[in-house]
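Please open the structure in your viewer and keep the selection tool at hand.

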Amino acid sequence: MSSNSQRSFKVYKIDNGTVIDHINSSMALKIIDILEIKKDGIVSIGMNFDSAVTGKKDIIKIENVHLDKKHTDMIAIFSPQATINIIKDSEVVEKRQVEVPKVINKVLRCPNPTCVTNKYHDCDSKFIVEHYDENQTYGRCYYCERETLITPDLVK
Ligand code: CTP
Ligand code: ZN
C-alpha cells in the first residue's frame, strides 16, 4: 500500500453504533467526557480532520451503542453543528442534528464558589438554559440562580 492510500484511510466504518460527526475541532474529548461512554465499548476518536464546512472537525464513533436524543442533545452546547448518525447493518439509518437542551443536569460545575452544589458532593448541579445562539449558551444555576455563560471549562 502506498503512503497516499494509507493516508486516505482515516477512521474505519462501523457495522453498528453511533457516529458523531462535524464536531467543532478539539471538542471531541470534552464530548466523550459529558457522554460518559468511556466504559461502554469500543470508541474511536478522530481529531482535526479536514471539513468542507467548518475547516477542521472531530469525529467520534461508538460501536454497538445507539445514543438517544436525550443523551446527544448535550453536545449542542459545545458543538451546535454536530450530526448524529445511527448505524445499523453498516448503513446510516438515522441522521439528526443536536438541539440545546432546556435543562443541563450533572455535567457542569457552578462557577459560584458558595453555591450549594460546590459544597456538598451529593448535590448534583442543574442549569436552566435561558438563551442561546450559535455561539453562546447562557444557563441559570437552579440552586444559587447565578446566570453564567456556559463554556467547556465548566465541564466537571
Ligand atoms: N459512517 C461510519 N460507518 C458506516 C456508515 C457511516 O462510520 N457504516 C460514518 C461516515 O464515515 C461519516 C458519518 O458516518 O462520518 C456519516 O455518514 P454518511 O451520511 O454516509 O456521510 P456524509 O453523507 O458525508 O454525511 P453528512 O451529509 O452528514 O456530512
Ligand atoms: Zn450555583
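Begin with strand 1, which supplies three residues, the largest share of the shell around ligand 1. Strands here are DSSP runs of E with at least two residues, and helices are runs of H or I with at least four, both numbered from the N terminus. The model is predicted, so that local features need pLDDT of at least 70 and side-chain atom pairs pLDDT 80 or more, while totals for chains, interfaces and linings use all residues. Residues are numbered from 1 along each chain as its sequence is written, chains are lettered from A and ligands numbered from 1 in the order in which they are written, and side-chain values use heavy atoms, without hydrogens and water.

Next, select the surroundings of ligand 1, taking residues with a heavy atom within 4 Å of the ligand. Among them are Val 19, Asp 21, His 22, Ile 59 and Asn 85. By class, the shell has five nonpolar, three polar and four charged residues. Nonpolar here means Ala, Val, Leu, Ile, Met, Phe, Trp, Tyr, Cys and Pro; charged means Asp, Glu, Lys and Arg; the others, Gly among them, are polar. Now colour strand 1 (17-24), strand 3 (55-63), strand 4 (83-88) and strand 5 (91-97): each supplies at least two residues of this shell.

In the side chain of Lys 95, an N or O atom is 2.7 Å from a ligand oxygen atom. At Ser 90, a polar backbone atom is 2.9 Å from a nitrogen atom of the ligand.

Of its 15 lining residues, Lys 70, His 71, Met 74, Asn 105 and Val 107 are the closest to its centre. A pocket is an open set of points on a 1 Å grid over the protein atoms alone, where a 1.4 Å probe fits, with protein on both sides within 12 Å along at least five of seven lines; lining residues have an atom within 4 Å of a point.

Terms used. Polar contact = N/O pair within 3.5 Å; in protein donor to acceptor, adjacent residues only side chain to side chain.
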